[in-house]
Amino acid sequence: MKRILSIMIIATLALPVFASNKNDSTRMVKDYSQILPQAGDWSLGFTLNPFVNFVGNMFNNTTNQLIDNQRIGGGVIQYGNDPAYPLISIMGRYMFTDHFGIRANIGLLMCYRDSSKYVFDDYSVAMEDLVPSMVKDRATSNTFGGSFNVAAEYRLGKKAVQGVFSGGLMYSLSKSTCDFTYGNAITDINQNPTSAFHHTIIGEDRLGMNSYRVLRESTACTHTIGLVCSAGVEWFVAPKVALGAEVNLALLYQLTPEIQQQIEGYVPFVDEVKTTTIIIGESYQGIVFGTQNIGANLFMNFYF
């Protein structure tokens, strides 16, 4: 009897050890093959930058302003400084093996801004009205462009979180224009009217104009081309569905054309208001090297 009791006690003490070894064995052989991308899979991904930046700025009173996606956390761009890189980005990928693939990123940049300000009506002020009327000045700006990036990619890791490294070529372009309309007109009597946006420039002769103001400011296409490397992670939150983040190291050549202005002013010689186009800056080119974030830096990928 004592011998039987001894055997039962030993078996009872050994049971947790066997159970623990069994659980460890189960964890070691967990199969991630149905979760991670495999050879022959392709993916479609979308940037989360605009959404994340909006949520992140809800608490600092900047939700109604344009967000700069060159920084992964976002930052405010003031009027007149439109972004140089796309705000909307779509990524595609094809896996040649479980760890090696090729990907392409297409970015779109679309920005429209309409601003209005009120100023005193110069005629009403000249007539010494008790309550001078107001007129509206308006500025409408448009910026558009796009980018294309193609790169080879390599993945490390066999669990739900993988490191992703890539390197390839990028090309982008952008163009911007801004149009101005004014409530106070230029006349022979009022050659320097009150303006909210571009105040009349006096004392600089432009084709017989003693003074002038800007009607349109524009640039031709800005071109950027170069090499972009990236390092990041993807976390597979569900089978074939991943959240990702990455940063870029870029070596880029940029060509920026001159800025053109369409101006209006009164020309005493002909006693008329004339318009003409002038160039206010020279074109320039240069090389940029740094960690600008380009394309889909916070994203969600779906693998098929």
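Tutor: Before we count anything, two strands pair if DSSP finds at least two bridges between them, and strands here are DSSP runs (E, at least two residues; helices are H or I, at least four), numbered from the N terminus.

Student: Okay, and what sort of model is this?

Tutor: This is a predicted model, in which local features need pLDDT of at least 70 and side-chain atom pairs count only at pLDDT 80 or more, whereas totals for chains, interfaces and linings use all residues. Residues are numbered from 1 along each chain as its sequence is written, and side-chain values use heavy atoms, with hydrogens and water left out.

Student: What pLDDT does the protein chain average?

Tutor: The average is 78, and 72% of the residues score at least 70, where pLDDT is the predictor's confidence in each residue, from 0 to 100. Over residues 62-85, however, the pLDDT is below 50, although this stretch has 64 contacts in the model beyond near neighbours in sequence; contact means heavy atoms within 4.5 Å.

Student: Back to the strands. How many bridges join strand 9 to strand 12?

Tutor: There are 7, and strand 9 runs antiparallel to strand 12 (residues 284-290), with Leu-255 standing opposite Gln-285 of strand 12.

Student: Which other strands does strand 9 pair with?

Tutor: Strand 8 (residues 222-238) is joined to strand 9 (residues 241-256) by 15 bridges in the antiparallel sense, and Ile-225 has Tyr-253 in strand 9 as its bridge partner. Strand 13 (residues 298-303) also runs antiparallel to strand 9, over 5 bridges, and here Val-241 faces Phe-302.

Student: And the hairpin of strand 8 and strand 9, which residue there takes a positive phi?

Tutor: That is Lys-240, with a phi near 65°, in a hairpin that has 2 residues between the strands.

Student: What does strand 1 pair with?

Tutor: Strand 1 pairs with strand 13, antiparallel and over 5 bridges, and the partner of Thr-47 there is Phe-299.

Student: Changing topic: which residues of the largest nonpolar core touch the most other members?

Tutor: Of its 15 residues, they are Ala-139, Phe-180, Phe-197, Met-209, Tyr-212 and Ile-263, a nonpolar core being a set of buried Ala, Val, Leu, Ile, Met, Phe, Trp, Tyr and Cys residues joined through side-chain atoms within 4.5 Å. Strand 7 gives the largest share, 4 residues. Leaving aside neighbours within four places in sequence, Phe-197 contacts several residues, including Lys-117, Asp-137, Ala-139 and Phe-180.

Student: How many residues are in the second core?

Tutor: That separate core has 5, including Tyr-32, Leu-36, Ala-242 and Tyr-303.

Student: How many aromatic pairs are there?

Tutor: The whole structure holds 5, counting rings of Phe, Tyr and Trp (its six-membered ring) with centres within 6.5 Å; planes under 30 degrees apart are stacked, over 60 edge-to-face, and the rest tilted. Phe-236 and Tyr-303 have ring centres 5.7 Å apart and planes at 40°, so this pair is tilted.

Student: Last one: how many disulfides?

Tutor: The count is 0, with a disulfide taken as a pair of cysteine sulfur atoms within 2.5 Å. Cys-221 is partly exposed at 28% relative accessible area, and Cys-229 is also partly exposed, at 41%.

Conventions. Buried < 20%, exposed > 50% of the residue type's maximum accessible area, 1.4 Å probe, protein only.
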